[in-house]
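Hello,

Here is the structure I said I would pass on. Please look through it first; my notes follow below it.

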Amino acid sequence: MSIDWAALGQVFGVTLVVTVGIVGLFTVGIVGTSRKPVQEGAAAAVAAPGSGARAGAMAAFGLCAAAVAYGIYLIVAG
């Protein structure tokens, strides 16, 4: 039994990059939907995110869902 270290390294590298990318996209989605404090006025006042931020967050969540669905497809189709 021999181990193809080059292939193992490639799998590790791709897995690391894709994992960091998906976590980053999910973080962008969370930040895009979070409430942000208003700079003016009372310190307790908060404002909902704008429509552009919410649309970007939904796009990020959609890309995360697409990546997960593609991964499940790859597992099931094999």
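The chain is made up of two helices and two strands. Read from the N terminus, these elements follow the order α-β-β-α. Please keep in mind that this is a predicted model.

On confidence, the mean pLDDT over the chain is 87, and 86% of the residues reach at least 70. Helix α1, residues 5–33, has the highest confidence in the chain, with a mean of 95, while strand β2, residues 46–47, has the lowest, with a mean of 65.

Next, the chain as a whole. It has 78 residues, and 8% of them count as buried. Its accessible surface is about 6000 Å², and carbon and sulfur atoms hold 74% of that surface. Among contacts in the chain with a separation of 6 or more, 47% are between residues 24 or more positions apart.

The UniProt record, an unreviewed entry, gives the feature "transmembrane region" at residues 12–34 and at residues 55–76. In the model, residues 12–34 are 96% helix and 0% strand, and the C-alpha atoms at the two ends are 33 Å apart. Residues 55–76 are 100% helix and 0% strand, with 31 Å between the end C-alpha atoms.

Start with G29, which sits in helix α1. Is G29 buried or exposed? The cut-off for buried is under 20% relative accessible area, and G29 has 0%, so G29 is buried. Once neighbours within four places in sequence are set aside, the contacts of G29 are with A57, A60 and F61. For A60, the C-alpha atom is 5.4 Å from that of G29, although the two residues are 31 apart in sequence.

C64 is the next one, and its place is in helix α2. C64 is also buried, because its relative accessible area is 6% and the limit is under 20%. Which residues does C64 touch, leaving aside its neighbours within four places in sequence? They are I22, L25 and F26. V23 is 41 residues away along the chain and 8.4 Å away by C-alpha atoms. For G21, the separation along the chain is 43 residues and the C-alpha distance is 9.2 Å.

G21 itself belongs to helix α1. Its relative accessible area is 35%; partly exposed covers values between the 20% limit for buried and the 50% limit for exposed, so G21 is partly exposed.

Last, the surface of helix α2, residues 51–77, where I72 is located. I72 has a relative accessible area of 48%, so I72 too is partly exposed. Together with V68, I75 and V76, I72 forms a nonpolar patch on the surface. The accessible area of these residues together is about 420 Å².

To go through this in the viewer, I would take G29 with A57, A60 and F61, then C64 with I22, L25 and F26, and then the patch of V68, I72, I75 and V76.

Regards

Notes: Residues numbered from 1 in each chain as written. Predicted model: local features only at pLDDT ≥ 70, side-chain atom pairs only at ≥ 80, totals over all residues. Heavy atoms only, no water. pLDDT = per-residue confidence, 0-100. Helix = DSSP H or I, 4+ residues; strand = E, 2+ residues; numbered from the N terminus. Buried < 20%, exposed > 50% of the residue type's maximum accessible area, 1.4 Å probe, protein only. Contact = heavy atoms within 4.5 Å. Areas by Shrake-Rupley, 256 points an atom, 1.4 Å probe, with all protein chains shown as cover. UniProt positions renumbered as here; feature names shortened; annotations may be inferred. Patch = residues over 30% accessible without salt bridge, like charges linked within 9 Å, V, L, I, M, F, W, Y side chains within 5 Å. Salt bridge = Lys/Arg side-chain N within 4 Å of Asp/Glu carboxyl O.
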